[in-house]
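Open the model in your viewer and keep the selection panel at hand. We will go stop by stop.

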Amino acid sequence: MAKKAIDKRKQVTSKNAEEARKPLAEIAPAQGVRPEMKPSVILVGADKGGVGKTTIARAVLDYLASNNVVTRAFDTEFPRGTLHRFHPDLTSVVDLTATSDQMRILDTLNTEDVKVTVIDVRAGGLTLALHALEDTGFLDAVHEGEFNFLIFHVLGSSIASLDEIEEIAPYVEDGHYFLVKNHVNDTTFFEWDPITHGKYFEKVVTTGELTIPKLNEMSYEQVEIAGVPYSTFVADKTAEGHPARQSFVLRGYVRTWLNKIADEFDRVDLLGLVAPRNNAKSGKAGK
Amino acid sequence: MKRRANVFFVCSPSARVGVSTTARLLTDYHIFTNAPVIGFETDPHEPRFAAFFPDYVQVIDVSDIKGQITLFDSLLAPDDTTKIVDVWHRSFPRFFETVRDIGFIEEAERLGIEPIILYHADASKIALEGALALHEQWPGVTMMLVHNEGASPLEPQGLELLRNYPAQGNFVVAPLPAPVAKVLDDPNLSLATFLRDPPMDMSIVVRAALKAWIGPVFTQFQSFELRQRLESSAYLQ
């Protein structure tokens with residue numbers, strides 16, 4: 001499937017690719033999209049469940065919001081949605097394999113007031129999602145420079161995760177591909193020996209690696225129960241904006257954790273990748 | 001002038017330098033002056049401070065998140081009550097890492113609560129390094145040096161060491177003769193009650209020595225408090 005994917009993307013004159021790209025090409029000139037306002041898609045996924053990809057997606061949304069980047073999100077955990085529970089105002093639940101939902105996401109990428117789209121891919125669905133994006137011509141459009149494409153590949157702790165890298169490598173050549181080690185769920189990542197590391201990592205060009213630090217279980221659990229964005233929890237508010245009266249200690253730990261994640265995103269210049277014109281000084285989680 | 005809401009961290013990275021004695025003296029001072037006070041004991045194995053004030057002091061395990069919540073959320077409660085924390089020397093580094101990680105100092109200052117570090121000096125390098133590290137982390141926090149001459153006597157050259165501490169002032173606790181110090185070990189002896197109504201069955205000599213020992217310490221606390229009130233007075237800004 002990998003070789004087929006590469007060949008397909010390179011055949012830009014193929015009938016399917018041209019037809020798939022038509023709606024995007026027709027929309028972009030009509031809205032007068034300027035090069036410096038290129039829309040960005042951030043795909044957060046893993047081919048394994050329980051590695052914390054929705055945690056990462058939530059952290060990305062919080063980071064972008066704190067830096068005044070207008071964002072929308074799609075939760076592909078159809079039909080219920082997990083990301084949607086925490087960010088209902090920003091998030092729509094979709095089925096990425098359904099044409100109608102593909103159109104809903106991709107045909108609206110150039111919406112004037114929302115330049116950044118985060119897609120939280122359902123567990124085990126990263127390869128499928130990339131395949132769908134390939135089929136719709138989105139990856140061709142990325143290749144042509146119409147969109148910024150970032151992939152946050154959340155890794156599990158076993159060697160099986162490294163096999164995932166090989167599978168999706170062909171789809172991410174034109175994107176910014178980040179490997180994410182998520183310590184939130186107490187995963188211990190072994191340091192791959194140089195031979196193993198070389199064997200897998202030489203097959204893919206990565207923009208960088210992100211390390212998400214551990215948040216203690218009680219704080220994590222309390223945010224889950226509260227069902228609000230991390231920054232709302234830190235601000236001690238409910239979803240409706242009322243005082244939540246959460247423990248200061250737990251809020252403090254979440255604030256520090258968010259700030260460390262913001263430092264990681266700053267380090268890889270995430271703002272510069274998604275919103276070059278809005279690349280203001282990074283905003284840390286509020287006091 | 002309204003009494004400020006203070007949180008005192010009574011601490012040292014070294015053992016047996018008089019930390020619990022200071023915590024006790026400070027608590028008794030507040031009780032003696034009818035000021036609301038509560039205390040927190042962080043040594044779960046040998047809770048000496050808590051033993052003297054069962055009605056005022058809680059024993060907290062700060063290695064546990066639940067203990068941290070009980071402690072730090074209480075310290076920030078807007079109840080105009082002075083809080084005194086006896087920081088166990090073994091938990092000293094981890095305790096202040098937690099203070100840093102949760103942003104306690106910043107939140108306390110935002111709420112108008114003043115954190116004060118009562119740092120116990122001794123001749124060791126580790127004690128000086130601990131004080132310098134705290135000062136570097138929170139340069140705006142008041143640090144008062146406590147020198148317990150009985151628990152941590154210093155040679156004349158050692159006294160020079162005290163000049164290196166980044167403290168705004170200091171308290172001195174004089175040494176006590178052994179027979180008098182032994183009386184202090186009685187958990188039923190309340191120093192506040194002793195000052196108001198000394199027990200008649202106590203040796204006159206011990207009574208006088210104890211009074212002479214407590215008096216100067218309480219005077220220092222009183223001066224510190226008065227200076228704080230004057231510095232924060234709106235009339236003198």
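**Stop 1: strand β1 of chain B**

Select residues 6–11 of chain B, which form strand β1. Six of the six residues are buried, so β1(B) is largely enclosed by the rest of the structure. Buried means that 20 or more other C-beta atoms lie within 10 Å of a residue's own; exposed means 12 or fewer, and partly exposed is in between, with C-beta atoms placed from the backbone. Helices (H or I, at least four residues) and strands (E, at least two) are DSSP runs, numbered from the N terminus.

Before going on, note what you are looking at. This is a predicted model, in which local features need pLDDT of at least 70 and side-chain atom pairs count only at pLDDT 80 or more, while totals for chains, interfaces and linings use all residues. Residues are numbered from 1 along each chain as its sequence is written, and chains are lettered from A and ligands numbered from 1 in the order in which they are written.

Show the side chains of β1(B). Which residues point one way, and which the other? N6(B), F8(B) and V10(B) share one direction, while V7(B), F9(B) and C11(B) take the other. In a regular strand, side chains alternate between the two faces of the sheet.

Strands pair if DSSP finds at least two bridges between them. β1(B) runs parallel to strand β5 (residues 114–120) of chain B, with six bridges. Look for N6(B) opposite E114(B) there. β1(B) also pairs in the parallel sense with strand β4 (residues 82–86) of chain B, over four bridges. D86(B) in β4(B) is the bridge partner of V10(B).

**Stop 2: all of chain B**

Zoom out to chain B. It has ten helices and seven strands. Its radius of gyration, taken over C-alpha atoms, is 17 Å. Along the principal axes, the C-alpha atoms fill a box of roughly 50 × 45 × 40 Å. Buried residues make up 36% of the 237 residues.

Pick D80(B), in the loop between α3 (65–75) and β4 of chain B. It has a positive phi of about 55 degrees although it is not a glycine. Most residues other than glycine have a negative phi. D80(B) is exposed, with 12 other C-beta atoms within 10 Å.

**Stop 3: the sheet of chain A**

Move to chain A and colour its strands. An open sheet of seven strands runs in the order β3-β2-β4-β1-β5-β6-β7, with parallel pairing. The edges are β3 (91–93) and β7 (208–212) of chain A, each pairing on one side only. On average, neighbouring strands are turned by 20 degrees against each other, direction ignored.

Select β1 (residues 40–45) and β4 (residues 116–120) of chain A: five bridges join these parallel strands. I42(A) stands opposite V118(A) in β4(A). Next, show helix α3 (residues 53–66) of chain A. It packs on the sheet, touching strands that include β1 and β4 of chain A. Its direction makes about 165 degrees with that of β4(A). Axes here are lines fitted to C-alpha atoms, for helices over the stretch in contact, and angles run from 0 to 180 degrees between N-to-C directions.

**Stop 4: the core**

The largest nonpolar core has 131 residues. Such a core is a set of buried Ala, Val, Leu, Ile, Met, Phe, Trp, Tyr and Cys residues joined through C-beta atoms within 7 Å. Among those with the most contacts inside it are I42(A), F152(A) and V10(B). Its largest share, nine residues, comes from α12(A).

Centre on F152(A). What does F152(A) touch, not counting residues up to four places away in sequence? The list is I42(A), L43(A), V44(A), I56(A), F178(A) and V180(A). Residues are in contact if their C-beta atoms, placed from the backbone, lie within 7 Å.

**Stop 5: where the chains meet**

Show both chains. The contact takes eleven residues from chain A and 13 residues from chain B. Helix α12 (residues 248–267) of chain A gives the largest share of the chain A side, seven residues.

Finish at D269(A), in the loop between α12 and α13 (270–274) of chain A. D269(A) too is not a glycine, yet has a positive phi of about 55 degrees. With 15 C-beta neighbours inside 10 Å, D269(A) counts as partly exposed.

Conventions:
Two residues are in contact if their C-beta atoms, placed from the backbone, lie within 7 Å. The radius of gyration is taken over C-alpha atoms; the globule rule is 2.2 Å times the number of residues to the power 0.38.
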